[in-house]
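My notes follow the coordinates.

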Amino acid sequence: MMAIRAATRRLAPRSPASARGFASYEHDNFGTRVIHAGQDPDPLTGAVVPPLVLATTYAQKRAGTLTGTELPSSFGKGFEYSRTGNPTRGCYEMAVAAAEKAAFGLAFSSGMSAIAACTHLLGAGAHVVSSDDVYGGTQRYFRKVCSPQMNQTFSFVDMTDLAAVEASITADTKMLWVETPSNPTLKLTDIAAIAAIAKRHDVLYVVDNTFMSPYFQNPLDLGADVVMHSVTKYMNGHSDVVGGVLATNCPKLEEDLRFIQNGLGGVPAPFDCYMALRGLKTLHLRMQRHGENAMAVAEALEAHAFVSKVAYPGLPSHPQHALATEQMSGYGGMITFWIEGGLDQANAFMENLRLFQLAESLGAVESLAESPAIMTHASVPAEDRAKLGIDDTLVRLSVGCEHVDDLVADVAQALDAASRTL
Ligand SMILES: *Cc1c(COP(=O)(O)O)cnc(C)c1O
């Protein structure tokens, strides 16, 4: 049966309309989807990996008659100019859609560029309700670019308080922006509950799903209109591509976002698409290991006397552990903890780590540690940081895919070293 299906796939190229990534593989499981969707053998050469097409422009047979309309990677539109459409990008976008079980995927040159596409849907003067402890760069873009330059207004709300979310919606509200789990405090938002509010008020609902990746969480299934990822993190997973994506099931949103993608021009280079597509193929393997390793590290941290508190959604001590188990299929690779002592002890911990590198970013195979107060969240106003509990003793870990025993030992010896500095 499987063999017949596979052979049919090889022999009969699907029509462009049906070959939109997820549609062709919707009955397959995650690992199968990300390895195959958008990645049928190249129709010209049989190459099993989508070719890296660097061309910026495409020869036309007659003026206005585009080449490649029969290729799924052109979405039936053919190729004209590589900002508008590129075969390598098309394959990657189909795989992204399949990862999120979405009808459509759109690729951007960074996560921020994907976020910018969303705010460009709204128009000048729009009001947005956003998670309060949203990614530092998102907050900076909302506050310092959209607000002064597009006259958009933002309410940063604690999304665990559904009444507060509802109360902050005004006649001008055009979008709800949720990031869950949040960064760096790993607070969860009930995705389905916010979807009900978005529906009631008829506003666009976008979820930044970067932290969980599509392997552990699928916001579209829970009622979001658009899901966003910084591909720079887990999706690519190897610290060698900056990228962003959006996925949606709504044809009208896809059309509008596609127009903005081409109009703004924040598209990824073909090589980045090629690399990110390669990274995506092992997302399920990596996420399984990230999750196992993070659980072991979180348990070791919680048991250590020099740690005052640990936030990891997989720990029963996480205040929203039940919600985590309900809306996610795993708990991810990010851990936040508060060390005993002060800034000196946090610094001593980070400087004594041997395997964890002291660096910004997250979600790659190598483990990283950072101080949000000084590094990733330095652009968040100090009083907001204090309100969110982002102080000098908070350390964020991105637990990688190294051997779990080595990671646990590294954290333990760095904690011991930090405790001796007090
Ligand atoms: C990194 C990140 C972004 C921004 O993505 P870039 O690829 O760095 O532009 C947005 N949201 C979250 C949660 C992130 O971690």
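**Ground rules.** I am working from a predicted model, where local features need pLDDT of at least 70 and side-chain atom pairs count only at pLDDT 80 or more, while totals for chains, interfaces and linings use all residues. Residues are numbered from 1 along each chain as its sequence is written, and side-chain values use heavy atoms, with hydrogens and water left out.

**Overall build.** I find 16 helices and 12 strands. Both are DSSP runs numbered from the N terminus: helices are H or I with at least four residues, strands are E with at least two. I looked up the C-alpha trace, and it spans about 75 × 50 × 35 Å along its principal axes. The radius of gyration is 22 Å, which agrees with the value near 22 Å for a compact globule of 422 residues. That radius is taken over C-alpha atoms, and the globule rule is 2.2 Å times the number of residues to the power 0.38.

**Burial.** Buried residues make up 55% of the 422. Buried means under 20% relative accessible area, exposed means over 50%, and partly exposed lies in between (1.4 Å probe, protein chains only).

**Cores.** I looked for nonpolar cores, meaning sets of buried Ala, Val, Leu, Ile, Met, Phe, Trp, Tyr and Cys residues joined through side-chain atoms within 4.5 Å. The largest has 62 residues; Tyr92, Leu301, Ile335, Phe337, Phe349 and Leu397 touch the most other members. Helix 12 (residues 283-303) gives this core its largest share, six residues. A second, separate core holds 26 residues, including Tyr141, Phe142, Phe154 and Leu257. I then checked Tyr92 itself. Leaving out residues up to four places away in sequence, Tyr92 touches Ala107, Val231, Val245, Cys273, Ala276 and Leu277. Contact here means heavy atoms within 4.5 Å.

**Helix 10.** Next I followed Leu257 into its helix. Helix 10 (residues 251-264) has 14 residues and reaches 20 Å from first C-alpha to last, close to the 20 Å expected at 1.5 Å a residue. The expected span is 1.5 Å times one less than the number of residues. Its buried residues are Leu253, Glu254, Leu257, Arg258, Ile260 and Gln261. They line one face, because they fall within an arc of 165 degrees seen down the axis of helix 10. The arc is that of the directions from the helix axis to the C-beta atoms. Pro251, Glu255, Phe259 and Gly263 are exposed on the face turned away from the buried side. The cover over the buried residues of helix 10 includes helix 4 (87-99), helix 5 (111-119) and strand 1 (104-108). Just after helix 10, glycine 265 takes a positive phi of about 85 degrees.
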